[in-house]
Amino acid sequence: MAECHPVGFQWVMEAKARGAKVIHVDPRFTRTSALADVHVPLRAGTDIAFLGGIVNYVLEHEKYFREYVVAYTNAPMLLREDFRDTEDLAGVFSGLDAGSRSYDNASWQYEGTEVQAASGERDQEYDKRTDGGSSVTEAARGEAHGAGGAVIGEGEPERDETLTHPRCVFQVLRRHYARYTPELVEQVCGVPRDLFRQVCELVTENSGRDRTTAFAYAVGWTQHTVGVQNVRAAAVLQTLLGNIGRPGGGILALRGHASIQGSTDIPTLFNLLPGYIPMPHAHQNEDLDSFIEAEAAHKGYWGNMRAYLVSLLKAYWGEAATAENDFCFDYLPRLTGSHSTYETTMAQLEGVCKGYFLVGENPAVGNANAKLMRLGMANLDWLVVRDFSLIESATWWKDGPEIETGEMRTEDIRTEVFFLPAAAHTEKDGSFTNTQRMLQWHHQAVEPPGEARSDLWFTYHLGRLVREKLAGSGDEMDRPVLDLAWDYPTKGRIAEPDAEAVLAEINGRDAEGDPLSSYEELKADGSTVCGCWIYCGVYADGVNQAARRKPGREQDWVAAEWAWAWPANRRILYNRASADPEGRPWSERKALVWWDPGKGEKGEWTGHDVPDFKKDKAPDHEPPEGAEGPEALSGTDPFVMQADGKAWLYVPSGLTDGPLPAHYEPQDSPFPNLVYEQQRNPVRQLLRPHPDNRYQPSGDEPGSRVFPYVATTYRLTEHHTAGGMSRWQPYLAELQPEFFCEVSPELAAERGLAHTGWATIVSARGVVEARVLVTDRMAPLTVHGRRLHQVGLPYHWGPNGYSTGDAANELLHLSLDPNTHIQETKAFAVDIRPGRRPRGPAAVALVRTYRVRAGIDEHTGTEP
């Protein structure tokens, strides 16, 4: 966090100055480690084993917050008799179809409920729930419920509040994690058991009624074939400790850019609509009612999905969206499977994807298996690159690595590349949404130079020109574009669209055209317009709430008048959990919101934050029979976005790869899985075989020792992501002038590597060279009884700019998390040798030699 998020890290330092303990778990010793009280080096890719060990410690020593767990989680729920855990099935869960790499989650359900499909397999249940419709394979639904829990089966789950029934979630959890002992953590992660116990004690001593612990994770935690389950493991631990919904607790995703949170809220993701509404699939005869029936939970705030979606459709298509035409629901694009970045690359290679827009992306060096990205772009008809530097994704056709090796010739590449200069954030108005879900408005400081234009300008005017070109068309295929509500005020010499007008549309308005103040005001009848329901209120009273900057000294510690946080300016989600079931704060020290029986007609929720609960819903409220949506939640259901109002220690639906986190080795690993017989995530996503995306043997398989070292990629403070924003800045290039690798003195001696000299790093996908940094920051570990060395590789470089070098992502494979389709970049196996890499065709020959030595073919590493 100090390395990659130094501005946010100031608050960690303030907490430390007040007595907080800072624990840093990372394979490398970084700037964060230097300021932490405890640094825990561990083997990259073993986070679930480490966190699972802490969960086991919490359960074994009864350190969990029992009152919180019984009242606010699904720990008491009983599971079906036919559920089988990893303990029963050698490392997999019941319902696995190894051939299709998928789970049927019927057996994962609670006792007393009907089956509800996992979001990743939702299509299997579609016919049953909507009386028809054809199935779509490759459903790709893992991100469909990003703002809340998935739908669960109908019926009333059986409960055991004593937590003693052998089939209750709590006991299943206890059995599942029993094998994650300190000894196993030491064996798998390389963390000495004494250091591990110290972490366990620090975390548990600082959790409970009077204290809370926060987890902050880097975006790299998601970049594994078990990325979602890494975060889930932290959620299990934090929920057991009562650290969710309370001040000083939670799980904070340290987002990679200033507005990565914003670009998932109003998404650049292929399978979500704004506000985490799932994108519809290409079912036949699917109407709005069928979609809502299949996708919306019947309890909690997702039960109001129709109001959120209809208001969004009204924002998209305005007057054209009417009740008679399903509010233009048919105009929405339909998914036919996963259309993630990497599937799109495969579609390019197959000639299916003909054109591509790159906006703020640099896949030629920034994506996993960068070579495959360039080969895909070389098969396009046209490519549009918008950036403010001449990034590698705009020039690969003339100076990319494949030109040097002879694998591609410029004169043979038919892709027409358009480079359009982009405005920087200082040259445009707009908002950033940070990891706290807080929208902060930034005002334009200067005009963009020359022909540089903002993203908003480009999108608006491209849409305007396309609509002008289609004007008068009688083709029904053109109606969705022609009917768009595309009227935005513009200003200035270049007709820049008014960003505040866009924010006002996102906020929404009522039937009279007045700004809405809360998503609770959204209607399902088409009388309200809202571009993103979770952002409703950011323009309340016609005021840009995101632009507020009231100093902290002029308000209380919650600082509600600094910018605006979604939803409803609520600073801590699920804050009903900060009070006990009777509505009293768990402790005065940690008081956040509470029930005041003396306020309002019958009492109401009050406190320092905006209560994440119906204001007048008393703690003893029981919903009437048949209630739906928010009305179906009781007074002790604080997790209002979940389908049952509870925090899920165990996930009966919504994930594609298991109801509980389990340790699997990375796709390419020099070690066998000591926890289970199952080596890798059995439902990890492997892309179609390609000669330039070979996987490596792992564990005890023949050939795995050809790649004996674990590598991990990371960022530096001085550079940013793929380098497009920093390698063109002379000051930053001078601070970090060359691509380098970090190795321990022991590894340097073992492989003959000289400090500041050159090293060649090889995988089954590629070869790169890097300057050698010999440092104690990369401490060797003892794993599985043998010495392990790890190689650190910052991934900011490419051939363009002031500071140039090879791209670490040349080494990576495409094996993805099955929920989010994100690549595994933080744990893979390599070899390292002294000297510079070969040039030209000899570089390709070296990689081929390694493949032969390891016995690699198209089947290697593809077994379930």
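Modeller: Let's start with a polar contact: the side chains of Lys371 and Asp692 are joined at 3.0 Å. Keep in mind that this model is predicted.

Colleague: What makes the link between the side chains of Lys371 and Asp692 a polar contact?

Modeller: The cut-off for a pair of N or O atoms is 3.5 Å, with one able to donate a hydrogen and the other to accept it. Here the distance is 3.0 Å. That is within 3.5 Å, so the term applies.

Colleague: Where does Lys371 lie, and which residues does Lys371 touch?

Modeller: Lys371 is in helix H15, residues 370-377. Leaving out residues up to four places away in sequence, Lys371 touches Glu402, Glu407, Asp692 and Glu810.

Colleague: Why does Lys371 count as buried?

Modeller: Buried means under 20% relative accessible area. Lys371 has 10%, so Lys371 counts as buried.

Colleague: What about Gln823: buried or exposed?

Modeller: Buried. The relative accessibility of Gln823 is 12%, under the 20% limit. Gln823 sits in the loop between strand S27 (815-816) and strand S28 (828-834).

Colleague: Which side chain makes a polar contact with that of Gln823?

Modeller: The side chain of Tyr342, at 3.0 Å. Tyr342 is also one of the residues that Gln823 touches, along with Gln223, His224, Ala368, Ser815 and Leu816, if residues up to four places away in sequence are not counted.

Colleague: Now the aromatic rings. How many aromatic pairs are there?

Modeller: Rings pair if their centres lie within 6.5 Å. By this rule there are 36 aromatic pairs.

Colleague: Why is the pair of Tyr72 and Trp586 called edge-to-face?

Modeller: Take the distance, then the angle. The ring centres are 6.2 Å apart, within 6.5 Å, so the rings pair. The planes stand at 75°, over the 60 degrees needed, so the pair is edge-to-face.

Colleague: What does the pair of Tyr72 and Trp586 tie together?

Modeller: Parts that are 514 residues apart in sequence. Tyr72 lies in helix H4 (residues 66-72), and Trp586 in the loop between strand S16 (564-565) and strand S17 (593-596). Both Tyr72 and Trp586 are buried.

Colleague: And what makes the pair of Trp317 and Tyr331 edge-to-face?

Modeller: The centres are 5.3 Å apart and the planes are at 75°. The distance is within 6.5 Å and the angle is over 60 degrees, so this pair is edge-to-face. Trp317 is in helix H12 (residues 305-317), and Tyr331 is in the loop between H12 and helix H13 (341-349), 14 residues apart.

Colleague: How do you know that Trp317 is buried, and why is Tyr331 called partly exposed?

Modeller: Trp317 has 6% relative accessibility, under 20%, so Trp317 is buried. Tyr331 has 23%, between the 20% and 50% limits, so Tyr331 is partly exposed.

Colleague: Which residues form one aromatic cluster?

Modeller: Phe83, Phe93, Tyr103, Trp108 and Tyr650 do.

Colleague: What makes you say that Arg334 lies over the face of Phe329?

Modeller: CZ of Arg must be within 6 Å of the ring centre and within 35 degrees of the ring normal. Arg334 lies over the face of Phe329 at 4.6 Å from the ring centre. Arg437 lies over the face of Trp566, at 5.7 Å from the ring centre.

Colleague: Next, the open sheet of three strands. What is the order?

Modeller: S9-S10-S11, with parallel pairing. The twist averages 10° from one strand to the next.

Colleague: Why are S9 and S11 called edge strands?

Modeller: S9 (355-359) and S11 (416-421) each pair on one side only.

Colleague: How do you know that S9 and S10 pair?

Modeller: Two strands pair if there are at least two bridges between them. Five bridges join S9 to S10 (residues 382-387), so the two strands pair. Leu358 stands opposite Val385 in S10, and Val359 opposite Arg386.

Colleague: Over how many bridges do S10 and S11 pair?

Modeller: Six, in the parallel sense. Trp382 stands opposite Glu416 in S11. In S10, five of the six residues are buried.

Colleague: Last, why is Lys614 called partly exposed?

Modeller: Its relative accessible area is 23%, between 20% and 50%, so Lys614 is partly exposed. Lys614 lies in the loop between strand S18 (604-607) and strand S19 (685-686). Beyond neighbours within four places in sequence, Lys614 is in contact with Tyr301, Glu520, Trp605, Pro630 and Glu631.

Note on methods:
Residues numbered from 1 in each chain as written. Predicted model: local features only at pLDDT ≥ 70, side-chain atom pairs only at ≥ 80, totals over all residues. Heavy atoms only, no water. Phe/Tyr/Trp six-rings, centres within 6.5 Å; stacked < 30°, edge-to-face > 60°. Helix = DSSP H or I, 4+ residues; strand = E, 2+ residues; numbered from the N terminus. Buried < 20%, exposed > 50% of the residue type's maximum accessible area, 1.4 Å probe, protein only. Contact = heavy atoms within 4.5 Å. Axes fitted to C-alpha atoms, helices over the stretch in contact; angles between N-to-C directions.
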